[in-house]
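Reader: I have a structure to read and would like to learn how to take it feature by feature. Could you show me the general idea each time, and then the case at hand?

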Amino acid sequence: MRARARRPGIAAAIAAALFFCIGPAWSQGARIPTDAVDAFHAALKKKDTAAALSLLDRDLVVFEFGVIDPTVQAYAFQHLPFDIDVAAVSKWDIESRHVGGEGDIRWVLTSYHVTGRQADGSPIDQVTLETMILKRSSGLFRIAHMHWSTNDAKFQAMAQPAARAKGTPAPK
Amino acid sequence: MKQVFAGIAASAGWALMFAASIAGAQLVSSADYVSSGPALLPRSGFMHVGHDNIVVDPSVRRFTGMVSALGLPDAQGKLYTFKASPVGPRSFKLSPDDLRGWRMTVLSGKRFGQVFTVSGNTESEITVKADKGPVDGLDVRDVFIIESVDANGVSMFGPAVGASPSISPGT
């Protein structure tokens with residue numbers, strides 16, 4: 001009798017465990033804004049595409065390298081793979097971080113010292129500034145906007161169209 | 001049969017439109033820039049910034065595509081197969097079982113963010129394993145990425161050259 005009474009409880013526990021373990025990837029998010037940002041970087045490092053997507057709001061807009069990814073699908077399709085590749089060969093150390101906002105909208109502003117090696121063996125050594133705006137829905141924060149910039153002067157020069165037209169070599 | 005071909009043709013059209021919309025959304029013409037001192041500043045105020053200045057090798061192999069048609073459901077009515085149109089620079093012409101064992105992540109639609117493991121493929125058709133459930137809910141025009149990563153998240157081509165063992169910030 002006691003065993004029978006236990007069965008529904010065990011079944012419910014298993015169902016709950018399954019829900020949390022294999023539920024929709026997009027149901028992740030984070031309760032603390034900085035956790036969402038750090039978990040996103042961790043997902044890139046682990047080449048975990050689904051985990052990275054789970055931390056992105058469906059209304060995501062990304063500004064990166066002077067281009068706009070106007071939808072989360074566009075970012076996931078176009079830029080996310082590259083960001084995963086960069087994360088695989090670089091180390092991002094937080095230099096400073098500011099957190100603001102209130103209620104369901106927060107921002108996390110982070111300066112990273114990024115180091116590593118490029119494909120040709122040349123070093124990566126630059127400061128990358130990151131703006132993340134996060135939106136909370138269903139109690140979980142997800143990234144609604146990302147913007148990266150860098151202090152790499154060579155790159156900034158290369159990125160200007162006039163300089164490019166004159167054949168300025170790509171930074172090494 | 002005519003309907004099938006019409007559907008495939010329509011899907012190919014959608015694939016082209018999707019590719020064009022991705023590319024078009026990111027093009028910045030010289031007309032978008034204004035003179036400001038020695039350099040040109042974008043009229044929009046956006047600078048070419050970010051970490052795309054870093055040139056790295058792909059850490060895994062990838063195939064990106066769009067669902068062009070759904071396959072036939074199995075005896076239980078579950079769907080595990082679909083036809084795919086290659087879309088994007090990471091795509092390549094498929095040979096049978098090129099993608100076997102690779103990880104597929106859906107990038108749009110109802111199954112956004114869902115992960116499957118490819119059990120096999122033909123030149124145009126992809127079938128996923130049943131262990132993560134059917135692809136029910138997947139729809140024509142949904143886009144996806146398939147990466148050379150196994151079910152345990154391990155790259156099937158070994159660690160990336162020069163990969164650092166360091167962990168990301170906050171972990």
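Reader: What share of the contacts in chain A with a separation of 6 or more comes from residues 24 or more positions apart?

Author: A contact means heavy atoms within 4.5 Å. In chain A, residues 24 or more positions apart account for 50% of the contacts with a separation of 6 or more. This is a predicted model, in which local features need pLDDT of at least 70 and side-chain atom pairs count only at pLDDT 80 or more, while totals for chains, interfaces and linings use all residues. Residues are numbered from 1 along each chain as its sequence is written, and chains are lettered from A in the order in which they are written.

Reader: Is helix α5 of chain A mostly covered or mostly open?

Author: Buried means under 20% relative accessible area, with a 1.4 Å probe and protein chains only. Of the 172 residues of chain A, 48% count as buried; in helix α5 (residues 80-88) of chain A, nine of the nine residues are buried, among them Phe82(A) and Asp85(A).

Reader: Which strands form the closed barrel in chain B?

Author: Two strands pair if DSSP finds at least two bridges between them. The closed barrel of six strands in chain B runs β3-β4-β7-β6-β5-β8, with antiparallel pairing. Within chain B, three bridges join strand β6 (residues 115-121) to strand β7 (residues 125-128), and Gly120(B) has Thr127(B) in β7(B) as its bridge partner.

Key
Side-chain values use heavy atoms; hydrogens and water are left out. Buried means under 20% relative accessible area, exposed over 50%, partly exposed in between (1.4 Å probe, protein chains only). Helices (H or I, at least four residues) and strands (E, at least two) are DSSP runs, numbered from the N terminus.
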